[in-house]
Amino acid sequence: MVMVRRKSSTVTSHQVEVLTVLSHSAFCCIGEIASAFGVSYAAASKMVNRLEDKGLVTRSINEMDRRSTEIHITEKGSQIVRLFDVRTDKERGK
């Protein structure tokens, strides 16, 4: 039996938090994400996998240290952060 991973279009609040962190820098590595959220490297890697499956982040090899993978937010991911910020501002009455 072959398991196929379904792509969910739903973005959780935790995923928005990760996207928000990524939106404030050119890139992050998985270790930095793990540290920022107080989770294991494996858990951070799973979070990034889910975001990548949704087209919200991309991975690339760090040219200075080929052992390291850089995580970049995509335009689609940036749009989600902006939409979340607008919705939060409206809820606060801004």
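1. The protein chain holds four helices and two strands. Read from the N terminus, its elements run α-α-α-β-β-α. This is a predicted model.

2. Some overall values come next. The protein chain has 94 residues, and 29% of them count as buried. Among contacts with a separation of 6 or more, 44% join residues 24 or more positions apart.

3. Next, a helix pair. Two packed helices are described by the angle between their axes and the distance between the axes. Helix H2 covers residues 30-37 and helix H3 covers residues 41-53. Their axes come within 8 Å and cross at roughly 110 degrees. Angles of 65 to 115 degrees count as roughly perpendicular, and H2 and H3 are therefore roughly perpendicular to each other.

4. Which residues in H2 and H3 meet? From H2 come Ile30, Gly31, Ile33 and Ala34. From H3 come Tyr41, Ala44, Ser45, Met47 and Val48. By class, the contact of H2 with H3 has seven nonpolar residues, two polar ones and no charged ones.

5. Now a single residue. Ser23 lies in helix H1, which spans residues 13-23. Is Ser23 buried, exposed or partly exposed? Its relative accessible area is 32%, so Ser23 is partly exposed.

6. The surroundings of Ser23 follow. A polar atom of the Ser23 side chain lies 2.7 Å from the backbone oxygen of Thr20. Leaving aside residues up to four places away in sequence, Ser23 touches Ile73 and Val81. Ser23 and Glu75 are 52 residues apart in sequence, yet 9.9 Å apart in space, C-alpha to C-alpha.

Terms used. Residues numbered from 1 in each chain as written. Predicted model: local features only at pLDDT ≥ 70, side-chain atom pairs only at ≥ 80, totals over all residues. Heavy atoms only, no water. Axes fitted to C-alpha atoms, helices over the stretch in contact; angles between N-to-C directions. Parallel < 35°, antiparallel > 145°, perpendicular 65-115°, else oblique. Contact = heavy atoms within 4.5 Å. Nonpolar A, V, L, I, M, F, W, Y, C, P; charged D, E, K, R; others polar. Buried < 20%, exposed > 50% of the residue type's maximum accessible area, 1.4 Å probe, protein only. Polar contact = N/O pair within 3.5 Å; in protein donor to acceptor, adjacent residues only side chain to side chain.
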